[in-house]
Amino acid sequence: MTATRGDDALALSHITKRFGSVLALDDVSLSVRRGSVHALVGENGAGKTTLMRIAFGLLAPDSGEIRVSGAPRPIRTTADAIAAGLGMVHQHFTNISAMTVAENVALGGHGSYSAAAAREQVATLGAQTGLAVDPDARAGDLPVGAQQRLEILKALARRARVLILDEPTAVLAPTEADELLRWLRAFAEEGNAVVLITHKLREALSVAHDVTVLRRGRTVLTAPAASLDERSLADALLGEPSAAGAATPRRVSGERRARVVFAEGLSLRDERGIITIREAAFSIDAGEMIGIAAVEGAGQRELLRALAGRIRPSHGTLALPERVGFIPEDRHRDALVQEFVLSENVALKGAGAGAGRMDWRAIDGRTDELIAAFDVRGGTRSSRADALSGGNQQKLVLARELDGDPPLIVAENPTRGLDIRATEAVHERLGAACADGAAVVVYSSDLDEVLALAQRVLVVHAGAVRECAPDREVVGRAMLGVR
């Protein structure tokens, strides 16, 4: 049934929230119409996730009201939210690594557990959404894109009628992202509603019926998506004129210099021992920005970790410099220890390669310098990493990995979940390192980002690595194995 849009499926009115002296939300209101996709846009730290965590019962507002289907609905816990028909897909995964996909989906349900019923539910949901995941796979063994799909399936299994998604396409391949967005639109048009938190302006405008922009904890714009374009949306987000409607990241032009990476007959295996890269041959020179393009699970994960020196080839030659900066896509799992303070996280650089006593005075001093140089906001060297926003955590990772000018930098989805400013800052840092002579390898699940940055593109498909010109059609076809 196609819904008649107009009545509110979810409304948050005059929501205010403080964390100590920080005013996170200042009298914010949001109305999500039944039968619609509502994009919630804003910079990192604007209050988007905080507002939705309040809607889902993870945080209590200091003041304001929540209404579901037009009626006041006190939501004090996530159980209240689920009972009200709300589901939330978080940007950072909540899966239990040791459990299977089916067990994760069944977790929190009612009645006795049936393995067969849980597997059937996962298979059915996967077929309906196009987000298929192996029900018997262990969640901790899944690649990032599949873990994201699992999070979505968990919310749908609770029969959510209002679905809140926090950057759901950040780790999906372009075709997967397109399929998800089409499904979200269809889900809404069946009489449900979707709140889509996203930093991708083009994505918001392509799928949403309505758009709300938060800036510094306040609502600065709510309008039909059809009345906006990328430039006007970026102006509202940033509070100043923007050139975001134009082609954004500059293509870095670096002078070809000495060879930094050389691979010949390179074969790699994944954690299960399966060959994912077979007989690859390529080289990378100093001052080059190389893009890696692939659909999820094509072998790029193993290739990037081999280039970063994290895994060894099973066959062939791979010559790397002694020092490599590595920015992994999951900063929470692979780059930072959330409970450590910033200076301790800086000290993790090259962990396992050194010996002797830690010079904490020097480390503290260097942390202060990196915080200032990379504009890491929201904490000091003695602050825990989890006190920082996602964008500032990524700045800290960049600061640590680029410190000392390593000759090779490997960046895996380095702007995942970041807003416009933070994304531009990451691009500028990588571009500056390249201009200074580093070889930079960038993989992004956003093909446009790869094409905007790269001078050359290495496409990974079915175990093969081949070079393509940075052309969208050429690279897109190569990702699918079409010549």
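Asn413 is placed in the loop between strand S16 and helix H14 (420-435), where helices (H or I, at least four residues) and strands (E, at least two) are DSSP runs numbered from the N terminus. This is a predicted model, in which local features need pLDDT of at least 70 and side-chain atom pairs count only at pLDDT 80 or more, while totals for chains, interfaces and linings use all residues. Residues are numbered from 1 along each chain as its sequence is written, and side-chain values use heavy atoms, with hydrogens and water left out.

The phi of Asn413 is near 45°, a positive value in a residue other than glycine. Most residues other than glycine have a negative phi. With 4% relative accessibility, Asn413 counts as buried, the term standing for under 20% relative accessible area, with exposed meaning over 50% and partly exposed in between (1.4 Å probe, protein chains only). Asp405, in the loop between helix H13 (390-402) and strand S16 (408-412), likewise is not a glycine and has a positive phi of about 55°; at 62% relative accessibility, however, Asp405 counts as exposed.

Just after H1, Gly57 has a positive phi of about 80°, and just after H4, Gly130 takes a positive phi of about 80°. Helix H1 (residues 48-55) is mostly covered, since six of its eight residues are buried, namely Lys48, Thr50, Leu51, Met52, Ile54 and Ala55.

Helix H4 (residues 115-129) has 15 residues and reaches 21 Å from its first C-alpha to its last, close to the 21 Å expected at 1.5 Å a residue, the expected span being 1.5 Å times one less than the number of residues. In H4, the residues Ala118, Val122, Leu125, Gly126 and Thr129 are buried. Seen down the axis of H4, these buried residues fall within an arc of 100°, so they line one face of the helix; the arc is that of the directions from the helix axis to the C-beta atoms. The face of H4 turned away from this buried side carries the exposed residues Glu120, Ala127 and Gln128.

A further loop, between strand S6 (86-89) and helix H3 (101-106), holds Asn95, which counts as buried at 12% relative accessibility. The side chain of Asn95 makes a polar contact with the side chain of Lys154 at 3.1 Å, and it reaches the backbone oxygen of Gln147 at 3.4 Å. A polar contact is a pair of N or O atoms within 3.5 Å; within protein, one must be able to donate a hydrogen and the other to accept it, and residues adjacent in sequence count only if both atoms are side-chain atoms. Leaving aside neighbours within four places in sequence, Asn95 is in contact (heavy atoms within 4.5 Å) with Asn104, Ala139, Gln147, Leu150, Glu151 and Lys154.

Gly217, in the loop between strand S9 (210-215) and strand S10 (218-224), is buried with a relative accessible area of 0%. Apart from neighbours within four places in sequence, Gly217 is in contact with Ala24, Leu25, Asp26, Val28 and Ala46. Ala225 lies in the loop between S10 and helix H8 (230-238) and is buried, with a relative accessible area of 5%; with neighbours within four places in sequence again set aside, Ala225 is in contact with Leu205, Ala208, His209, Asp210 and Val211.

Turning to aromatic rings, the structure holds one aromatic pair. The rings of Trp183 and Phe187 have their centres 4.9 Å apart and their planes at 25°, so the pair is stacked. Rings of Phe, Tyr and Trp (its six-membered ring) pair if their centres lie within 6.5 Å, and planes under 30 degrees apart count as stacked, over 60 as edge-to-face and the rest as tilted. Because Trp183 and Phe187 are four residues apart in helix H6 (residues 174-189), they are separated by about one helical turn. Trp183 is buried, with a relative accessible area of 15%, and Phe187 is buried as well, with a value of 8%.

Rings also meet charged groups. The charged end of Arg429 sits over the ring of Phe374, 3.8 Å from its centre, and the charged end of Lys17 sits over the ring of Phe19, 5.3 Å from its centre. A charge sits over a ring if NZ of Lys or CZ of Arg is within 6 Å of the ring centre and within 35 degrees of the ring normal.
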